[in-house]
Amino acid sequence: MYPARLPEFHRLPAPDRVAGLVRWFWIPEWRIAPGRSSRQQVIAFPASNLVVESGPVVESGPVAESGPVAESGSVVESGRVGLAGPTTRVSYRDLTGTGWAVGALLRPAAVPLFTEDPAALRDAYRTVDLPALRELVSGVMNGSSDRAARRHLAVEAFTDWLAGAFPAPTPEALLANSMADLIDSDPAVRRVEDAAARLGVSVRTLQRLARRYVGLPPLAMIRRRRLQEAAERLRTGQDTSLAAVAADLGYADHAHLANEFRSVLGFTLSAYRQGASPAEPS
């Protein structure tokens with residue numbers, strides 16, 4: 001939500017051989033001065049993440065794209081793998097010390113490979129026992145390569161593990177990918193019926209796909225995309241009126257956007273715009 005406050009953060013494309021399972025890989029690295037912390041707030045995609053991470057890191061909020069969740073003030077030990085479920089609200093993480101994470105933003109087709117009930121992982125993080133993946137990625141990230149080379153090698157190691165561990169996605173899983181791609185990319189999709197018609201399936205089929213492969217209803221996926229777009233417009237279009245943002249994104253009026261923004265993210269539109277100003281120091 002506040003890009004200027006990010007530590008070093010890189011997003012790398014998924015290699016073709018796992019493109020049906022991973023949307024992209026993301027790698028934050030941080031070095032925070034002793035006694036200080038850096039809070040990272042995220043409007044996560046309506047998706048799950050598989051994360052290999054270092055530690056220790058103090059956790060303080062619901063799961064985010066940048067890593068896992070634990071109870072407030074707890075410490076995550078180094079060298080673990082976690083499955084982070086889809087979120088229903090803004091999430092945050094307090095970074096301390098020195099660390100890194102290598103995460104895969106999973107496409108819907110990959111989700112049943114790790115959980116039979118993604119809805120049970122909403123706003124949650126579960127440690128998973130994947131020692132081979134942990135050792136492959138940690139070995140690279142803790143190695144002596146330069147940072148750019150290390151990141152690419154980590155993605156290759158993650159990719160090798162995924163490609164070797166799982167078969168190609170089924171036709172139904174690929175349809176679930178198409179559902180997510182459509183909802184995430186097409187602002188004209190504002191209702192579940194719009195998405196179902198574009199994919200040539202029934203609303204009930206779309207709901208079943210979302211339940212099995214995402215863990216959120218398709219309407220929640222649409223609303224999350226609109227909130228992400230609204231936040232980006234507020235950050236980058238300082239001269240655009242709030243009413244214009246609401247109208248462009250298909251909200252009934254400015255008040256509708258304001259209420260949803262506050263209920264999900266905990267901010268008023270004007271307060272977020274002011275706090276996300278590029279002129280704000282990190």
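Analyst: Let's begin with a term. A polar contact is a pair of N or O atoms within 3.5 Å; within protein, one of them must be able to donate a hydrogen and the other to accept it, and residues adjacent in sequence count only if both atoms are side-chain atoms. Keep in mind that this is a predicted model, where local features need pLDDT of at least 70 and side-chain atom pairs count only at pLDDT 80 or more, while totals for chains, interfaces and linings use all residues. Residues are numbered from 1 along each chain as its sequence is written, and side-chain values use heavy atoms, with hydrogens and water left out.

Now find Arg 23. Its side chain makes a polar contact with the side chain of Asp 184, at 2.5 Å. Arg 23 sits in strand β2, residues 22-31. (Strands are DSSP runs of E with at least two residues, helices are runs of H or I with at least four, and both are numbered from the N terminus.) With a relative accessible area of 30%, Arg 23 is partly exposed; that label covers what lies between buried, under 20%, and exposed, over 50%, using a 1.4 Å probe and protein chains only.

Who else does Arg 23 touch? Skipping neighbours within four places in sequence, Arg 23 is in contact (heavy atoms within 4.5 Å) with Ala 14, Phe 45, Leu 105, Arg 107 and Asp 184. Asn 177 is 154 residues away from Arg 23 along the chain, yet their C-alpha atoms are separated by 9.6 Å.

Next comes helix α3, which spans residues 171-185. The axes of α3 and helix α4 (residues 192-199) come within 10 Å and cross at roughly 125°. Axes here are lines fitted to C-alpha atoms, for helices over the stretch in contact, and angles run from 0 to 180 degrees between N-to-C directions. That makes α3 oblique to α4: under 35 degrees would be roughly parallel, over 145 roughly antiparallel, 65 to 115 roughly perpendicular, and the rest is oblique. On the α3 side, the contact is made by Ser 178, Met 179, Leu 182 and Ile 183, and on the α4 side by Ala 195, Arg 198 and Leu 199.

A salt bridge is a side-chain nitrogen of Lys or Arg within 4 Å of a carboxyl oxygen of Asp or Glu, and a search of the whole structure finds 15 of them. In one, Arg 208 pairs with Glu 172, the closest N and O atoms being 2.8 Å apart. Arg 208 lies in helix α5 (residues 203-213) and Glu 172 in α3, so the pair ties together parts that are 36 residues apart in sequence. Glu 172 also meets Arg 212 in a salt bridge, at 3.7 Å from N to O. That pair again links distant parts of the chain, with Arg 212 in α5 and Glu 172 in α3, 40 residues apart.

How accessible is this trio? Arg 208 is partly exposed because its relative accessibility is 35%. Glu 172 gets the label partly exposed at 29%, and Arg 212 gets it at 41%.

One more salt bridge to look up joins Asp 194 and Arg 191, with closest N and O atoms 3.1 Å apart. Asp 194 counts as buried because its relative accessible area is 19%, whereas Arg 191, at 45%, is partly exposed.
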